[in-house]
Each structure stands twice: as structure tokens, then as C-alpha cells.
Amino acid sequence: EDQWIEMDLESETLVKGIVTVGMGTGFSQTSEFKVSYTLDKEYWHPIEEVFEYSEETDQSFLDFETPVLARYVRFIPTQWQGTIQAKVGIRKCTETL
């Protein structure tokens, strides 16, 4: 409980989604997670969607309904088996604000 992976994007970045790669196998697997983001590490904004990892492909691209401006992004596991394992990244927008 209360575990997450936090990424510092080093500057304000327009983020359109996330990518997951091989979220564990067998008895240790993360199957569901939430995402939140912030500009200042004080007030975190949750993405309303709950994301599910698909075992059908080794890599999954998951886009937000609307891109968000973020400096920090958290990946928060909500469902797993065994130990939490995750390889995650962000998808940046190519357009600017």
C-alpha cells in the first residue's frame, strides 16, 4: 500500500499518456494502476482512468483522454500478484502549448 514510482520530467512537459513494458510474469505481476501528476509536488492531480496492463503485448501505449501539463508523474499500482513489478514511461506530446 502507498507505493508508487515517481518520475521527474525535469521541466514542465505536455504529457499525452503512458507506456508499459512487461509488467512482470508468473507469480509477480502488476495488473492495474492509476496515474497522477503535478507541477509542484504539493497538489497531485489524479487521472480519472484506471489503467490495466495487457499481457497480450509486451508493450502497451495508454493515452489520456486529454493531455496534461506535468513536471512529476506518479504510477500507483492498485492491483498486483506477489510483488509489485513495473516498467513504465511517459508519452510526450509533440505539439506545444
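Q: What share of the chain's contacts with a separation of 6 or more comes from residues 24 or more positions apart?
A: It is 78% of those contacts. Bear in mind that this is a predicted model.

Q: Switching to burial. What percentage of the residues is buried?
A: Buried residues are 37% of the 97 in the chain.

Q: Now backbone angles. What is the phi of Glu10?
A: Positive, at about 70 degrees, and Glu10 is not a glycine. Most residues other than glycine have a negative phi.

Q: Where does Glu10 lie?
A: In strand β1, which covers residues 5-21.

Q: Is Glu10 buried or exposed?
A: Glu10 counts as exposed because its relative accessibility is 67%, and the cut-off for exposed is over 50%.

Q: What about Lys41, what is its phi?
A: Near 65 degrees. That is a positive value in a residue other than glycine.

Q: Which part of the chain holds Lys41?
A: Lys41 sits in the loop between β3 (28-38) and β4 (45-46).

Q: Why does Lys41 count as partly exposed?
A: Because its relative accessible area is 43%, and partly exposed lies between the 20% limit for buried and the 50% limit for exposed.

Technical notes: Residues are numbered from 1 along each chain as its sequence is written. This is a predicted model: local features need pLDDT of at least 70, side-chain atom pairs count only at pLDDT 80 or more; totals for chains, interfaces and linings use all residues. Side-chain values use heavy atoms; hydrogens and water are left out. Helices (H or I, at least four residues) and strands (E, at least two) are DSSP runs, numbered from the N terminus. Buried means under 20% relative accessible area, exposed over 50%, partly exposed in between (1.4 Å probe, protein chains only). Contact means heavy atoms within 4.5 Å.
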